[in-house]
Amino acid sequence: MHDQDAVPDGWGRADLHVHSAWSDGLDAVGQILEQVAEHTALDVVAITDHDDVRGALEARDLAAQRGYRFEVVPGVEVTTREGHVLALFVERPISMLRSVEWTLDAVHAQGGLAIVPHPMSWLILSVGQRALRRVAGRRNEGVYFDGIELAGPSWAGRVAAQRAADLNATLLHLPALGGSDAHSRTLVGTAVTRFAGRTADELRRAIAAGETQHVGRHWTVAEHLHGLPRQLWRSMIAHPTEKAARSLRVRLGSRL
């Protein structure tokens with residue numbers, strides 16, 4: 001990850017990968033926003049819960065009501081058949097367990113940006129090298145990613161970081177972004193995207209222009225372990241159960 005001192009003056013900071021209690025995060029949206037306001041220098045934060053946009057929409061509305069100095073980008077981390085895809089600047093749910101290509105089309109149909117989180121990591125459900133190469137070969141067909149997360153402070157984000165960076169440099173040529181993948185509010189902002197500008201609109205333009213840098217630090221062992229039992233319970237039991245129940249309600253409702 002780049003040294004933050006090397007980033008040009010006047011560039012903003014955005015954490016593009018944050019989870020709330022709407023999925024498997026530990027903290028409510030309001031708590032996360034207070035953490036951002038009081039303990040970070042972020043200009044933009046994206047709430048990206050797993051397969052659920054409700055937390056992101058709540059965060060955007062709450063930030064506007066409270067008049068925070070930063071902006072909230074609504075997003076979601078979509079579970080595809082080949083790994084997770086971050087969808088930014090989206091407001092409607094995106095079906096899970098579809099192909100990567102279908103998901104990219106769905107994100108772009110909403111006018112959103114599709115980002116590769118923790119690429120090629122074998123510690124978490126991630127888009128692998130084969131899928132990344134396949135998508136890279138379909139750019140001329142309108143199937144593409146808009147950026148790749150190369151600053152991930154956790155073990156899951158770091159195990160394949162150099163391989164992902166090498167693949168990006170030689171083949172993908174995607175804007176390099178940073179996101180904390182924080183599931184606890186105290187870790188928000190530990191990895192960020194630096195960009196030309198300060199607002200969410202300027203962030204979007206910077207990603208499109210490739211005017212971004214990924215900066216941050218690695219988590220300590222204590223930070224990795226903080227709240228881990230509760231987070232694993234939410235990730236492996238509570239949230240999947242809630243998603244399954246919600247999907248069943250939707251299917252039953254469509255048959256009535």
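Select helices α4 and α6 in this predicted model: their crossing is right-handed. Helix α4 covers residues 129-136, and α6 covers residues 161-172. The two pack at an angle of about 20°, with their axes 12 Å apart. Angles under 35 degrees count as roughly parallel, and α4 and α6 are therefore roughly parallel to each other.

Next, show the side chains where these helices meet. On the α4 side, pick Gln 129, Leu 132, Arg 133 and Ala 136. Their counterparts in α6 are Arg 163, Leu 167, Leu 171 and Leu 172.

Stay on α6 and select Asn 168, which is found in this helix. Is Asn 168 buried or exposed? Its relative accessibility is 7%, and because buried means under 20%, Asn 168 counts as buried. Now display what surrounds Asn 168: leaving out residues up to four places away in sequence, the stated contacts include Ile 148 and Leu 150. His 173 and Leu 174 are also touched by Asn 168. For Leu 174, draw a distance from the backbone nitrogen to the side chain of Asn 168; a polar atom of that side chain lies 2.8 Å away.

Then move to the strands and select β8, residues 191-196. Strand β8 is mostly covered, with 5 of its 6 residues buried.

Finish on Phe 195 in β8. Gly 12 stands opposite Phe 195, and in β9 the bridge partner of Phe 195 is Thr 212.

Notes. Residues are numbered from 1 along each chain as its sequence is written. This is a predicted model: local features need pLDDT of at least 70, side-chain atom pairs count only at pLDDT 80 or more; totals for chains, interfaces and linings use all residues. Side-chain values use heavy atoms; hydrogens and water are left out. Buried means under 20% relative accessible area, exposed over 50%, partly exposed in between (1.4 Å probe, protein chains only). Helices (H or I, at least four residues) and strands (E, at least two) are DSSP runs, numbered from the N terminus. Two strands pair if DSSP finds at least two bridges between them. A polar contact is a pair of N or O atoms within 3.5 Å; within protein, one must be able to donate a hydrogen and the other to accept it, and residues adjacent in sequence count only if both atoms are side-chain atoms. Contact means heavy atoms within 4.5 Å. Axes are lines fitted to C-alpha atoms, for helices over the stretch in contact, and angles run from 0 to 180 degrees between N-to-C directions. Angles under 35 degrees count as roughly parallel, over 145 as roughly antiparallel, 65 to 115 as roughly perpendicular and the rest as oblique. A crossing is left-handed if the near helix is turned anticlockwise from the far one by less than a right angle, and right-handed if clockwise.
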